[in-house]
Amino acid sequence: MSETDTQRRTVAVIGAGAWGTTLAWLLGNQGHRVRLWTRRPEHAEQIRREGENRSRLPGTVLPPQVLATGDLREALRGAECVVSAVPSAHLREVAGRMAGLLDPEALVVSATKGLEPGTGKRMSQLLAEEAQVRPGRVVALSGPNLSGEIAAGMPAVSVVAGSEESGVAEGQRLLSSPLFRIYANYDILGVEICGALKNVLAIAAGVSDGLGYGANARAALVTRGLTEMGRIGHALGACRATFWGAAGVGDVLTTCNSRLSRNWQAGYRLGCGKALTAEAGEVSEAIEGVPTTGAARELAQRLGVEAPISCALYEVLFEGRAPGEAVMELMCRPWRAEAEAWQ
């Protein structure tokens with residue numbers, strides 16, 4: 001048996017956005033029995049009838065092992081593993097509804113990248129608290145994972161991070177496939193901080209591109225953004241190596257450079273002087289970097305850590321500051337050494 005062979009499991013995927021649907025597709029193709037939960041029963045009916053999630057992942061035919069449902073209790077019944085792909089804005093509420101419906105020994109995989117505004121809590125923390133799951137049974141999935149590319153059969157890597165070796169190993173076995181290589185990581189704090197803050201940088205990179213600043217400016221933003229991410233992570237006690245792995249620099253490079261990234265697209269619209277909301281009706285809450293920008297700013301202030309990019313983007317997103325003006329202020333900050341003490 002190869003390292004990607006695994007026992008067929010009953011898996012609930014909670015959240016039928018593009019990423020949740022992609023994960024359901026991956027798991028179904030591995031032979032797992034998958035129930036894909038969506039908040040709207042009519043959406044579940046459309047997926048069952050047509051065999052694809054037309055509104056979120058059009059053109060991707062779901063395998064017969066995937067059953068869509070609008071009933072959360074039905075989705076969780078008998079599930080040995082639960083994959084949570086609910087937008088961060090709704091995770092606390094949905095996780096609370098999951099309490100009492102989960103098998104106490106079920107593995108819970110957090111596939112949402114973000115920080116909760118007001119508390120700064122990570123998504124795995126919300127799941128453990130609200131769904132009443134032992135923290136060691138919650139792992140985080142993160143990495144450079146654009147849904148459209150994965151659903152098109154293109155190779156990708158990711159990491160599964162957790163505090164207990166058994167949970168990480170279980171998540172690695174569950175999610176691995178020949179085209180989706182999973183690495184183990186035991187720094188769940190660092191992995192989730194990377195996954196959240198890279199969305200902030202992706203919006204900022206989109207703003208820069210929308211302003212027409214070019215490759216030099218984007219490279220400057222990415223390198224200084226990685227330093228800012230690492231500074232916050234170090235203050236929280238994260239492992240430095242995490243920020244240079246797939247969940248850190250790998251994810252930053254993908255989301256800051258790909259036009260498939262919703263966060264980059266949002267920033268690009270802002271840089272071009274357009275409204276944040278997409279013409280197709282995409283709401284800003286689906287762009288995880290928007291609420292995370294506020295949470296990152298609050299977290300940095302609470303830690304006493306400098307986060308100039310997050311603070312500048314916050315002013316653009318929430319205070320109406322002109323993007324070009326914010327960039328010029330960043331460029332005109334006092335001179336300093338490049339190396340940081342934490343390095």
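Start with Arg259. Its charged end sits over the ring of Tyr268, 5.4 Å from the ring centre. This is a predicted model, so please keep that in mind throughout.

In one of them, the ring centres of Trp264 and Tyr268 are 4.9 Å apart. Their planes meet at 20 degrees, and planes under 30 degrees apart count as stacked, so this pair is stacked.

Where do these two residues sit? Both are in helix H11, residues 262–271. They are 4 residues apart, about one turn of the helix. Here is the general point: an α-helix has 3.6 residues a turn, so residues three or four places apart point the same way.

Buried or exposed? Trp264 is buried, at 4% relative accessible area. Tyr268 is partly exposed, at 28%.

Next, Tyr314 and Phe318. Their ring centres are 4.9 Å apart. The planes are at 40 degrees, so this pair is tilted. Tyr314 and Phe318 lie in helix H13, residues 308–318. They are 4 residues apart there, about one helical turn. Tyr314 is buried, with a relative accessible area of 19%. The cut-off for buried is under 20%. Phe318 is partly exposed, at 43%.

Tyr314 also has a charge over its ring. Which residue supplies it? Arg297 does, with its charged end 4.0 Å from the ring centre.

H13 takes us to a pocket. Helices H8 (188–210), H9 (214–236), H13 and H14 (323–331) each give at least two residues to the lining of the second largest pocket. The volume of that pocket is about 790 Å³. How many residues line it? There are 28. Nearest its centre lie Ala220, Arg224, Ile309, Leu330 and Met331. By type, the lining has 21 nonpolar residues, 1 polar and 6 charged.

Last stop, helix H1, residues 18–29. Let's check its length. H1 has 12 residues, and at 1.5 Å a residue they should span 16 Å. The expected span uses one less than the number of residues. The end C-alpha atoms are 16 Å apart, which agrees.

Is H1 enclosed or open, and why? 10 of its 12 residues are buried, so H1 is largely enclosed by the rest of the structure. Among the buried ones are Trp19, Trp25 and Leu26. After H1 comes Gly31, with a positive phi near 95 degrees.

Conventions: Residues are numbered from 1 along each chain as its sequence is written. This is a predicted model: local features need pLDDT of at least 70, side-chain atom pairs count only at pLDDT 80 or more; totals for chains, interfaces and linings use all residues. Side-chain values use heavy atoms; hydrogens and water are left out. Rings of Phe, Tyr and Trp (its six-membered ring) pair if their centres lie within 6.5 Å; planes under 30 degrees apart count as stacked, over 60 as edge-to-face and the rest as tilted. Buried means under 20% relative accessible area, exposed over 50%, partly exposed in between (1.4 Å probe, protein chains only). A charge sits over a ring if NZ of Lys or CZ of Arg is within 6 Å of the ring centre and within 35 degrees of the ring normal. On a 1 Å grid over the protein atoms alone, a cavity is a set of points where a 1.4 Å probe fits but cannot get out, and a pocket is an open set with protein on both sides within 12 Å along at least five of seven lines; lining residues have an atom within 4 Å of a point. Grid points are joined across faces, edges and corners, and a volume is the space filled by probe spheres set on the points. Ala, Val, Leu, Ile, Met, Phe, Trp, Tyr, Cys and Pro count as nonpolar, Asp, Glu, Lys and Arg as charged, and the others, Gly among them, as polar.
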